[in-house]
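Here are a few friendly notes to read alongside the model. Have the viewer open as you go through the points.

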Amino acid sequence: MNLKISEVLDLFPEIKLEDPKPNTEEEISFVRTDSRKLNASDLFCVPLSLGEKGIEYAKNSSSRFVLISNTFEISKLENKVLLKSSVDPESLAGPIASRILGDPSSKMKVIGVTGTNGKTSLTHILAFLGESQGKSCGIIGTTGVKFKGRVVDTGYTTPDPASLQEILLEMSKDGVEYVFIETSSHGLKLGRTNGIRFKAGIFSNLTQDHLDFHPSMQDYLESKALLFSSLSSYENTFGVFDSEAPGGKDFASILPKIAPNLPVFALGSGEGEISVQDPNFSLERTVYNIDLPSTWKGNTEVVTNLLGGFNIRNTALAFVTSLALGWEKEKLLSSLKSIPQIPGRFQIYYSPDKTRMAVVDYAHTPDALENILRSIRESRPKELIALFGCGGDRDRTKRPKMGKIAQDLADKVILTSDNPRTESPESILDDIQEGFTGGYLPFLREADRAAAIRFGISALAEGACLLVAGKGHEDYQIIGKEKRHFDDGEEIRKAFDSEQK
């Protein structure tokens with residue numbers, strides 16, 4: 001439905017009309033934060049992050065209605081209805097869009113997943129478990145929007161607020177019951193998820209990343225926590241988090257302030273927490289015990305086909321969340337044994353004779369690289385070669401840290417490109433090598449990622465493993481400002497196949 005300007009002013013007291021002689025009966029048909037998507041009757045919520053450029057976008061936009069921050073000294077826009085807001089207009093776009101579209105998230109159970117690592121794995125695991133229970137599930141995240149057999153690439157972990165509401169409306173109309181959304185720190189801090197009624201929130205961990213956007217790790221943590229504070233606005237909500245993961249104790253310390261009355265299930269070893277014990281690893285499966293509350297029949301053995309220590313935490317978080325949603329325990333335990341491979345997350349490729357393997361993983365932070373290397377080590381390969389790079393025009397401080405982690409945990413290290421963007425690939429590799437100690441040198445330094453992968457596969461001895469880290473599900477390389485097709489899995493398969501010729 002359309003909204004009259006008078007209704008917008010009544011519903012959102014943060015918004016004031018700048019025009020001294022307004023026609024408040026005029027109607028807006030929708031709301032956008034991207035000027036390229038505007039129609040004439042849309043309200044353009046100009047993101048504060050655009051700065052002064054936002055005014056130019058507003059002047060040149062095709063929309064009649066414009067909402068800008070009241071921090072800008074402008075009282076009129078030619079042939080436009082100008083509104084001003086005491087908060088970032090981007091943070092209001094979601095609630096306005098939700099109102100126009102009939103509050104689509106209220107018709108489903110929406111679960112938000114936040115954390116530096118594990119968001120994609122958790123949403124996919126949860127959606128699979130839900131479908132195995134006969135529920136209709138949808139996913140919104142890094143690998144795109146997925147529901148009812150459809151896959152749409154949005155290009156963002158958390159899409160813009162108006163697009164999010166449109167996606168939720170489409171899901172609702174299509175009969176989706178549960179939606180699992182990756183809620184990035186960017187999306188939460190910029191208010192992209194505002195207007196969504198979350199049923200539950202999951203916090204996986206917090207490690208260094210995105211310090212090109214967040215001024216500090218504390219700001220990064222507080223941005224993640226916004227998901228849980230939003231849960232306090234609604235009834236029958238709950239949170240799940242891992243207190244023993246990196247950042248877990250810090251997250252636990254701020255929970256009472258941001259969500260004092262929220263029911264919370266915590267993985268950990270403290271009083272009242274759900275403990276995970278007795279892990280057992282192999283190349284075929286992972287087994288562990290989880291000590292559940294008595295209402296869920298106490299200590300339970302979990303068997304999953306997902307490999308590695310970090311997947312113990314992922315599956316445990318998903319299992320607890322599923323139980324809290326009321327799903328059937330025995331069916332969940334059966335489904336955990338056969339979770340489909342998650343795109344770009346511990347994705348295994350075998351040589352034709354099955355004697356060697358390569359693993360593709362999205363690990364692009366120090367903690368993620370350490371986790372995947374340790375998890376592969378737990379599977380006891382005869383040799384472990386780590387191949388990775390670091391993204392250009394992003395946080396440079398993590399590069400030497402990742403170099404040191406690779407030196408410590410891999411037998412050999414291959415350095416290569418990973419979306420160098422406008423930076424010199426060789427300069428990025430120099431930054432990584434600054435983390436090497438004791439005169440350590442890479443097994444290979446090769447900026448051409450395809451050539452590096454071919455070399456890595458050719459160097460694999462029987463029983464050895466090559467980790468290809470950093471890009472995971474991505475099927476492109478960004479070199480300069482050009483996006484070129486590139487898929488780690490394709491390159492690995494080609495390298496193995498070439499050995500047969």
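How many aromatic pairs does the structure hold?

1. This is a predicted model, so please read every value below as computed from it. The structure holds 9 aromatic pairs. Take F238 and F265: their ring centres are 6.0 Å apart and their planes stand at 80°, so this pair is edge-to-face. F238 belongs to strand β14 (residues 238–242) and F265 to strand β15 (residues 264–267), so the contact ties together parts 27 residues apart in sequence.

2. F265 also pairs with W296: the centres are 5.2 Å apart and the planes at 35°, so this pair is tilted. It links distant parts of the chain, as W296 sits in the loop between β17 and β18, 31 residues from F265 in strand β15.

3. F265 has 24% and counts as partly exposed.

4. Ring pairs also join F203, F228, F241 and F251 into a cluster.

5. Now the sheet: three strands in the order β16-β17-β18 form an open, antiparallel arrangement. β16 (275–281) and β18 (299–304) are at the edges with a single partner strand each, so one side of each has no neighbour in the sheet. Strand β17 (residues 286–291) is joined to β18 by 6 bridges, and D291 stands opposite N299 in β18.

6. Helix α9 (residues 309–324) lies across β16, β17 and β18, at about 45° to β17.

7. Two lysines deserve a look. K412 lies over the face of F443, 4.4 Å from the ring centre, and K483 lies over that of Y476, at 4.3 Å.

Note on methods: Residues are numbered from 1 along each chain as its sequence is written. This is a predicted model: local features need pLDDT of at least 70, side-chain atom pairs count only at pLDDT 80 or more; totals for chains, interfaces and linings use all residues. Side-chain values use heavy atoms; hydrogens and water are left out. Two strands pair if DSSP finds at least two bridges between them. Helices (H or I, at least four residues) and strands (E, at least two) are DSSP runs, numbered from the N terminus. Contact means heavy atoms within 4.5 Å. Axes are lines fitted to C-alpha atoms, for helices over the stretch in contact, and angles run from 0 to 180 degrees between N-to-C directions. Rings of Phe, Tyr and Trp (its six-membered ring) pair if their centres lie within 6.5 Å; planes under 30 degrees apart count as stacked, over 60 as edge-to-face and the rest as tilted. Buried means under 20% relative accessible area, exposed over 50%, partly exposed in between (1.4 Å probe, protein chains only). A charge sits over a ring if NZ of Lys or CZ of Arg is within 6 Å of the ring centre and within 35 degrees of the ring normal.
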